[in-house]
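Here are my notebook entries from a friendly browse through the structure.

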Amino acid sequence: MGTGYDGLAPGSYVMGLPIFPATEDPGPNFAALLGNRRADMAGGGIPGASGHGASSGAAGPLRHGTTVVALRFADGVVMAGDRRATEGHIIANRTMDKVFPADRHSAVAIAGTAGPAIEMVRLFQTQLEHYEKVEGVALSLEGKANQLGVMVRDHFPLALQGLVVIPLFAGYDVRRARGRIFTYDVTGGHFEEAEHHATGSGGRDARTTIKLGFRDGLARDEAVELAIQSLYEAADEDSATGGPDVVRGIYPTVATVTAAGYQGVTEDEVAERFRALIERKRAAGQAP
Amino acid sequence: MTIPFYVAPEQLMKDRAEYAQKGIARGRSLIATTYDDGILLVAENPSRTLHKISEIYDRIAFAGVGKYNEFDQLRVAGVRHADTKGFSFSREDVDARSLANLYANYLGQVFTHEMKPLEVEILVVELGSHGGPGQLYHVAYEGTIADQERFAAIGGETATIAARFGERWKKDWSLGEALRAAVSSLAGPERSLKPGDLEVAVLAHGNGRRAFHRVEDAELDALLAPPPPGGKSKGSARAAGAGRGTTKPARGAG
């Protein structure tokens, strides 16, 4: 990249004040500041990471995160994700978070190979904050979505080797005063979704549930309820999606993004809504 | 053959220092002080967009006086340093002390080796963790670094302003009190400063992860208004800022 920070890998931290000549200044681009190490990594690849989900290649088992959903409501967007990470057929982690605040007015959720996905989120969060601090203003919501698209595209060579990362991005557009959702494919292509979207292994089931209950201008409580219901149904059909774990007290992550910013829905509220949902199903004579 | 002029090193350094001091003295001043919920920074700055005070990292702020393009370059370098360090290691590992030292080294290097010294004076301030005392590092144009315990003033007429402010300084005073004292110390007895002439920001414990917050518009007007007789007015500086403190790094999950 021609910066003084070429080839900086995480952990190999260069001391000294990063001051650049005017013609080589990376501007507010944090990834350029770090050097194009992502491309280096993609060139070499990860040995043994085979295609087809690469769940247990020669490189060892890889962790996968599963179902995440996002839907618009009157004041913004709701985003939710289950907590299970799998390694092949094994449950690798029961408490993984897949929904993260990207910055004050946006959230990012991830599905796919957990390692690079979480690394991507970390870089994305840093990039947004870095831009805001260097430039003095935050990026527009579309600018943020494009940034994430670039990161997914940079990851494409690894995706071809089976390390697929599919993020879901949603936020509150301060300039247009409404919530917006962006979906991605492995090539970094991104598309705005008008109402709702779900991705990951249980995404189809979640999407169907949301579709049946969705209408324009949902209230916050209705939208949170619908997100919770969709994760419940997805966990019912998909083995890689974790449902509410009443025994351990582990519940999906739910968050809202509105004009007031990113706000996590408290675990108590989520637990109570799951309890009520199971209660309703039982009363209606459906198996919970 | 030309014989180069001999200039005594003392004279050379003296000339450079004078040059830098002149540049800095032309600019307006700035005060940073501790108060009951963090650190307050007040600058005399009529511009609403070209800032003297900025955010560097979660608990670290930067303030500079002198030549704008020079201290702004230092500010951006500080943001880069902090973000790179936080990304490579952990957010907790980013601290003001090491950044202030880097600035000091750089300024010292430029002062002795370059044609022209930087005409800047900067402050790097850090909010104490777990409610502990804050740190204020003052770095001068030639690289001298000093840490202040209570408050720091930089810019033109620093000595007078610091003396005025020092008389009024109190431990654990409220934001409003501190702000009014800072503004009248900056203004001096003959002038008065309006909200439009001021740039004000705080690093406050109540703001969550990103402690930096600009105090502007109505909030600034309210804090500048003298307290009602009898009642003690206490500024909020957006305590427990909704949604602001929730962004946490994605660390260790999965």
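**Between the chains**

I counted five salt bridges between chain B and chain A, taking a salt bridge as a side-chain nitrogen of Lys or Arg within 4 Å of a carboxyl oxygen of Asp or Glu. I looked up one of them: the side chains of Arg80(B) and Asp25(A) meet at 2.6 Å, N to O. On the side of chain B that touches chain A, the elements giving two or more residues are β3 (53-57), α2 (68-88) and α3 (96-113). Of these, α2(B) gives the most, with 14 residues. Helices (H or I, at least four residues) and strands (E, at least two) are DSSP runs, numbered from the N terminus.

This is a predicted model, where local features need pLDDT of at least 70, side-chain atom pairs count only at pLDDT 80 or more, and totals for chains, interfaces and linings use all residues. Residues are numbered from 1 along each chain as its sequence is written, chains are lettered from A in the order in which they are written, and side-chain values use heavy atoms, with hydrogens and water left out.

How many residues does the contact take from each chain? I found 36 from chain B and 40 from chain A, with contact meaning heavy atoms within 4.5 Å.

**A surface patch**

I then noted that Phe5(B), Val7(B) and Leu12(B) form a nonpolar patch on the surface. Leu12(B) sits in helix α1 (residues 9-26) of chain B.

Note on methods. Patch = residues over 30% accessible without salt bridge, like charges linked within 9 Å, V, L, I, M, F, W, Y side chains within 5 Å. Areas by Shrake-Rupley, 256 points an atom, 1.4 Å probe, with all protein chains shown as cover.
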